[in-house]
Amino acid sequence: SSHSFNALLKTLEEPPPYVKFILATTDPQKLPATILSRCLQFSLKNMTPERVVEHLTHVLGVENVPFEDDALWLLGRAADGSMRDAMSLTDQAIAFGEGKVMAADVRAMLGTLDHGQVFDVLTALLEGDARGVLEAVRHLAEQGPDWNGVLSEILNVLHRVAIAQALPEGVDNGHGDRDRVLALAQALPAEDVQFYYQMGLIGRRDLPLAPDPRGGFEMVLLRMLAFRPADNDDAPRQPL
């Protein structure tokens, strides 16, 4: 409140020599200018998933808690840049997994999609395998996903594949899947990547119009198969 800030202002202007104030907030714009002008400000950035995973690996190793790397990447992304949230989620994961931090348990706890299934869909598209595409969709359906969210995940992977094709060293490992992205970049012709991405964007726009979300999602993938660019002998496909 304004009265509280006015009381604090007097203390900040004439602090005792033995007192240091450390103020933390996620909404600095709500602080009065009179308070901000008397503070040395540090804007802290969100931590990357790689840094979060690195720290969780250290902590769990010291505490002798068994874990899977995939589980830590899930926690690292769910923390959204906050180490405090990452530690809190890890405590919950340990309790949920009865002393272990396993990927399947963390997915169940967070209600997140198995990222590997996105690669299953893209691999089936790469191979032109309609049966494989529909089988991958069937496995996805068992989790009751948000189909628009699944399509968004596919677009995110395609975006990173396109970056890998243009500049391999520019691909981050924020999802713990850099090697798989690089493998797709080698296997998929660049024009296919661009085509799938464009079709996915249009599919996201049209998905709310579909009579059934799963059916709309399947039609997006089948459309990708039906209209993908013709094979180009100069753009070899390498098996994954």
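Colleague: Is leucine 44 buried or exposed, and what is its relative accessible area?

Modeller: This is a predicted model, and the values that follow are computed from it. The place of leucine 44 is the loop between α2 (33–36) and α3 (49–62). A residue counts as exposed when its relative accessible area is over 50%. Leucine 44 is therefore exposed, its relative accessible area being 80%.

Colleague: Which residues form a nonpolar patch on the surface, and what is their accessible area together?

Modeller: Leucine 44, which is exposed, is one of the residues of this patch. Leu40 and Phe42 also belong to the patch. Together, Leu40, Phe42 and Leu44 have an accessible area of about 460 Å².

Colleague: How many helices and strands does the secondary structure of the protein chain have?

Modeller: From the N terminus on, the elements run α-α-α-α-α-α-α-α-α-α-α-α. The secondary structure accordingly comes to 12 helices and 0 strands.

Colleague: Why is the protein chain described as more spread out than a compact globule?

Modeller: The C-alpha atoms fill a box of roughly 75 × 40 × 40 Å along the principal axes. For 240 residues the globule rule gives 18 Å. The chain is more spread out than a compact globule because its radius of gyration is well over that value, at 24 Å.

Colleague: How far apart do the C-alpha centres of domain 1 and domain 3 lie?

Modeller: The domain assignment gives domain 1 (7–43), domain 2 (47–108) and domain 3 (113–225). Between the C-alpha centres of domain 1 and domain 3 the distance is 48 Å.

Colleague: How many aromatic pairs are there, and which parts does the pair of tryptophan 147 and phenylalanine 217 tie together?

Modeller: The count comes to 2 aromatic pairs. Tryptophan 147 and phenylalanine 217 form a tilted pair, with 5.0 Å centre to centre and 35° between the planes. Both tryptophan 147 and phenylalanine 217 are buried. Tryptophan 147 lies in helix α9 (residues 147–166) and phenylalanine 217 in helix α12 (residues 213–227), so the pair ties together parts 70 residues apart in sequence, namely α9 and α12.

Colleague: What is the angle between the planes of phenylalanine 195 and tyrosine 196?

Modeller: Phenylalanine 195 and tyrosine 196 are both buried. Their rings form an aromatic pair with 5.9 Å centre to centre. The pair is tilted, and the angle between the planes is 55°.

Colleague: What percentage of the residues of the protein chain count as buried?

Modeller: To count as buried, a residue must have under 20% relative accessible area. Of the 240 residues of the protein chain, the buried ones come to 33%.

Terms used
Residues numbered from 1 in each chain as written. Predicted model: local features only at pLDDT ≥ 70, side-chain atom pairs only at ≥ 80, totals over all residues. Heavy atoms only, no water. Domains from an automatic or database assignment. Phe/Tyr/Trp six-rings, centres within 6.5 Å; stacked < 30°, edge-to-face > 60°. Helix = DSSP H or I, 4+ residues; strand = E, 2+ residues; numbered from the N terminus. Buried < 20%, exposed > 50% of the residue type's maximum accessible area, 1.4 Å probe, protein only. Patch = residues over 30% accessible without salt bridge, like charges linked within 9 Å, V, L, I, M, F, W, Y side chains within 5 Å. Areas by Shrake-Rupley, 256 points an atom, 1.4 Å probe, with all protein chains shown as cover. Salt bridge = Lys/Arg side-chain N within 4 Å of Asp/Glu carboxyl O. Rg over C-alpha atoms; globule rule 2.2 N^0.38 Å.
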